[in-house]
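Subject: Handover of a structure for your review

Dear colleague,

I am passing the structure below to you for your records. Please look through it first; a written account of what was found follows.

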Amino acid sequence: MLAREMVKQSLPLLVLCGIGAIVTGHVFSAMQDLFQPGSESFIPGLIVVIPAIIAMRGNISTALGSRLGSAYHLGIINEQDFFNQELSQNIIGSLTLSVIMSFVVGILAYFTSILLGFSPDIVKLVVIVVLAGTFSGIILSLLTVVIIYIVFKRGYDPDNITGPALATFGDIITILSIFGIAFFIGGVL
Amino acid sequence: MIYRWTRVVHAGLPILTLGVCVEIFAGQLLQTSQHTLLLFPILFLTIPVINSVAGNIGSVLGARLASGLHVGSIEMSFKDATLRENVFTAIVLGSVTYFILSIGIYSLASYLDLTLGINLVEFVAIMVGAGITLVCIIALASVFTAVWSFKKGLDPDDMVAPVVTTLGDTLGIIFLFVFIGVIVL
């Protein structure tokens with residue numbers, strides 16, 4: 001039964017990911033200092049970036065997981081034949097997208113902030129976004145490989161697992177990356 | 001070799017850029033609605049959950065449809081029984097998840113003293129109502145995007161995730177406010 005398999009494999013994960021979203025929200029509210037004008041570590045424009053970069057990260061990672069799921073159903077990647085050209089091409093593609101899209105997000109955030117009456121430091125903003133986007137991209141790609149491998153071993157359908165798992169881990173890792181890199185760059189630049 | 005990194009990049013860039021633009025807009029939407037957010041502090045916990053569950057269900061459904069289309073086990077039509085079963089299960093899955101999480105969020109909110117202005121029944125009605133509406137639209141969007149991109153010769157795996165998460169993030173906030181308006185205000 002298709003429905004039963006989908007409920008059995010996805011429902012616990014979906015509830016877990018919902019809880020993950022609550023945790024992410026809390027981490028986010030702990031970062032408030034970076035967004036409050038007047039605070040010492042305030043970085044103008046950063047608040048505009050957050051929803052966009054989280055969504056970008058989730059989109060690129062779930063698309064990677066989704067493609068690998070199709071690859072599995074097409075029989076071109078499996079537990080025995082895992083580290084092959086198909087896998088590496090998919091990962092290189094995702095990482096390239098991460099770098100380019102981070103840059104796009106940084107530039108867009110700069111112009112949006114100007115429209116909203118802030119004047120962000122464009123170099124600082126773009127450097128933070130590109131570093132955070134690339135760094136979280138590398139971690140997420142590694143994580144994708146690990147998750148896919150475990151899913152294969154357990155005999156689950158990767159399509160039921162990779163989307164929610166990667167989106168949730170992606171959110172938390174991206175928030176922490178922005179947080180860490182913003183503090184680091186805030187101190188250096 | 002079926003996949004090439006250049007093709008992945010080429011297929012992803014336009015749709016991702018569109019998604020990012022909409023997300024920046026959604027972020028502004030959230031900032032301008034701060035007034036309502038402060039009126040009902042429980043919403044700070046609810047918004048990320050509403051958005052992420054819908055996005056997750058949409059991407060599971062999209063990934064399943066994409067695999068089915070690639071392998072040929074799913075036809076590009078709403079008359080296809082497997083396709084309909086997938087959509088139906090996704091909607092049921094979403095409704096159950098929203099129900100479980102609405103009770104979880106309300107418990108956490110009572111513990112954190114954030115339940116100002118809203119009781120349990122109202123909150124469950126709002127979250128499940130907004131959630132089911134959202135998940136139905138996301139499921140349809142997922143099917144249309146998968147079928148449309150497959151027909152166009154694009155890989156549905158690249159297209160569905162950006163479309164459903166972006167829709168989930170924007171419509172999720174809107175439906176939540178609509179249901180609050182109907183049920184509480």
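**Leu46 of chain A and its surroundings**

Leaving aside residues up to four places away in sequence, Leu46(A) touches Leu34(A), Phe35(A) and Ala182(A); two residues are in contact if their C-beta atoms, placed from the backbone, lie within 7 Å. This is a predicted model, in which local features need pLDDT of at least 70 and side-chain atom pairs count only at pLDDT 80 or more, while totals for chains, interfaces and linings use all residues. Residues are numbered from 1 along each chain as its sequence is written, and chains are lettered from A and ligands numbered from 1 in the order in which they are written.

Leu46(A) has its place in helix H2 of chain A. Helices (H or I, at least four residues) and strands (E, at least two) are DSSP runs, numbered from the N terminus. Because 23 other C-beta atoms lie within 10 Å of Leu46(A), this residue is buried. The cut-offs are as follows: a residue is buried if 20 or more other C-beta atoms, placed from the backbone, lie within 10 Å of its own, exposed if 12 or fewer, and partly exposed in between. Leu46(A) and Ile128(A) are 82 residues apart in sequence, and their C-alpha atoms are 9.0 Å apart in space.

**The two chains**

Chain A has 5 helices and 0 strands, and its elements run α-α-α-α-α from the N terminus on. Its C-alpha trace spans about 55 × 35 × 25 Å along the principal axes. Of its 189 residues, 50% count as buried. Among contacts in chain A between residues at least 6 apart in sequence, 79% join residues at least 24 apart.

Chain B has 6 helices and 0 strands. The C-alpha trace of chain B spans about 55 × 35 × 25 Å along its principal axes, and 51% of its 185 residues count as buried. In chain B, residues 24 or more positions apart account for 82% of the contacts with a separation of 6 or more.

**The nonpolar core**

The largest nonpolar core has 106 residues, and those with the most contacts inside it are Ile53(A), Val105(A) and Val129(A). Such a core is a set of buried Ala, Val, Leu, Ile, Met, Phe, Trp, Tyr and Cys residues joined through C-beta atoms within 7 Å. Helix H2 of chain A (residues 46-74) gives the most to this core, with 16 residues. Not counting residues up to four places away in sequence, the residues that Ile53(A) touches include Ser102(A), Val105(A), Val129(A) and Ile178(A).

**Where the chains meet**

In all, 52 residues of chain B are in contact with 55 residues of chain A. On the chain B side, the elements that give two or more residues are helices H1 (5-32), H3 (43-71), H4 (81-112) and H6 (156-183). H3(B) supplies the largest share, 17 residues. The residues on this side divide into 29 nonpolar, 15 polar and 8 charged; Ala, Val, Leu, Ile, Met, Phe, Trp, Tyr, Cys and Pro count as nonpolar, Asp, Glu, Lys and Arg as charged, and the others, Gly among them, as polar.

**Helices and a loop of chain B**

H3(B) has 29 residues and reaches 42 Å from its first C-alpha to its last, close to the 42 Å expected at 1.5 Å a residue; the expected span is 1.5 Å times one less than the number of residues. Since 26 of its 29 residues are buried, H3(B) is largely enclosed by the rest of the structure. H3(B) is followed by Gly72(B), whose phi is positive, near 100°.

H6(B) is mostly covered, with 20 of its 28 residues buried. H6(B) bends by about 30° at Leu171(B), the bend being the angle between axes fitted to the seven residues ending there and the seven starting there.

Asp113(B) is found in the loop between H4 and H5 of chain B. Although Asp113(B) is not a glycine, it has a positive phi of about 65°. It counts as exposed because it has 8 C-beta neighbours inside 10 Å.

**Confidence**

The model scores ipTM 0.87 and pTM 0.89. The mean pLDDT of chain B is 90, and 100% of its residues reach 70 or more; pLDDT is the predictor's confidence in each residue, from 0 to 100. Within chain B, confidence is lowest in helix H2 (residues 34-39), at a mean of 76, and highest in helix H5 (residues 120-151), at 95.
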